[in-house]
Amino acid sequence: PNEVRAYIDLGGFFVYIGDLKDASKNIAIALHKDKRNIYAWYLQGVIDIENKKYKSASKYFKRAIHLDNKGNSRLLLWEAYANFLELEFSSKLDTQPKKYQEGVSSIIRKLEKANNLSENDKKEEKAYILYFLAAFYLKSKDVFTAKQKLEECISLEPELKIKVLAREMLSSVWNNQIRPSWWHWWINSPSPLYKNCKRAGFSFLLVLIFLSLPLYPFIRHWIPLTLYIF
């Protein structure tokens with residue numbers, strides 16, 4: 001009965017199977033016995049998210065972050081997630097776009113901090129942080145930073161699920177929001193998803209033109225008059 005970790009683990013298992021009532025009971029006992037247990041505060045935040053109590057969930061994650069002295073990027077990620085849910089489902093912000101953008105900026109700062117802390121973490125976790133960062137930079141209308149974050153995410157070669165999501169978002173950003181001219185798209189800044197193919201194709205075209213120059217005197221009578229006019 002005095003083993004705090006047993007209550008925390010029980011709480012975690014109850015969260016996993018969706019029994020939030022018993023999860024809360026066990027986490028409450030754990031916190032009563034040890035108010036400085038980071039994992040207990042983290043689980044209480046998860047429980048409150050499942051119960052759609054986003055504001056209190058954010059407070060619990062903040063408490064866990066305050067107690068943590070190792071710089072856990074996952075806790076920051078969860079706090080940002082709780083803040084996002086509170087922002088999205090707050091009826092008070094429906095008519096206050098400025099307040100909404102301030103909330104988005106606050107989340108970006110948290111995610112950037114999490115990204116800086118995740119240098120030594122698993123690449124999957126860093127990939128998710130970069131993906132979420134890109135999503136929030138898009139919300140703040142900063143499409144070029146969003147593009148950069150998505151390219152970083154893909155370069156980590158993460159698991160297939162997040163890689164597919166990042167590629168889909170990057171393709172949408174490139175084609176629908178950046179929308180470069182064809183010349184810029186092909187030469188100056190190739191499509192971020194097909195850089196090597198575009199560069200190889202352009203190099204091949206240049207080589208072909210260069211090799212054709214010595215043959216020009218012999219083939220010029222084949223070239224249509226409209227090309228000379230052009």
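The legends below describe close-up views of a predicted model. Local features are given where pLDDT is at least 70 and side-chain atom pairs where pLDDT is 80 or more, while totals for chains, interfaces and linings use all residues. Residues are numbered from 1 along each chain as its sequence is written, and side-chain values use heavy atoms, with hydrogens and water left out.

**View A. The largest nonpolar core has 31 residues.** A nonpolar core is a set of buried Ala, Val, Leu, Ile, Met, Phe, Trp, Tyr and Cys residues joined through side-chain atoms within 4.5 Å. Buried means under 20% relative accessible area, exposed over 50%, and partly exposed in between, with a 1.4 Å probe and protein chains only. The members that touch the most other members are Leu111, Tyr131, Leu150, Cys153, Met169 and Val173. Two or more residues come from each of H5 (73-88), H6 (97-117), H7 (123-139), H8 (143-155) and H9 (160-178); the largest contribution, 9 residues, is from H7. Helices are DSSP runs (H or I, at least four residues), numbered from the N terminus. Leaving aside residues up to four places away in sequence, Leu111 touches Leu77, Ala80, Ile129, Phe132, Leu133 and Phe136, where contact means heavy atoms within 4.5 Å. Another core, of 23 residues, lies apart from this one and includes Tyr7, Val46, Ala57 and Phe61.

**View B. Helices H8 and H9 pack at an angle of about 150°.** Their axes are 9 Å apart. Axes are lines fitted to C-alpha atoms, for helices over the stretch in contact, and angles run from 0 to 180 degrees between N-to-C directions. H8 and H9 are therefore roughly antiparallel, a term for angles over 145 degrees, with those under 35 called roughly parallel, 65 to 115 roughly perpendicular and the rest oblique. The crossing of H8 past H9 is left-handed, that is, the near helix is turned anticlockwise from the far one by less than a right angle. On the H8 side, the contact includes Phe144, Leu150, Cys153 and Ile154; on the H9 side, Ala166, Met169, Val173 and Trp174 are among the residues met. By class, the contact has 12 nonpolar, 1 polar and 4 charged residues. Ala, Val, Leu, Ile, Met, Phe, Trp, Tyr, Cys and Pro count as nonpolar, Asp, Glu, Lys and Arg as charged, and the others, Gly among them, as polar.

**View C. Helices H5 and H7 cross at roughly 30°.** Their axes come within 11 Å, and the angle makes H5 roughly parallel to H7. H5 passes H7 in a left-handed crossing. Ser73, Arg74, Leu77, Phe84 and Glu88 of H5 meet Glu125, Ile129, Phe132, Phe136 and Lys139 of H7. This contact divides into 5 nonpolar, 1 polar and 4 charged residues.

**View D. Asn26 lies in helix H2 (residues 20-33).** With 10% relative accessibility, Asn26 counts as buried. Not counting residues up to four places away in sequence, Asn26 touches Tyr7, Leu10, Gly11 and Phe14.

**View E. Lys52 and Lys141 have positive phi values.** Most residues other than glycine have a negative phi. Lys52, in the loop between H3 (38-50) and H4 (54-67), has phi near 65° and is exposed at 63% relative accessible area. For Lys141, in the loop between H7 and H8, phi is near 70°; Lys141 is exposed too, at 68%.
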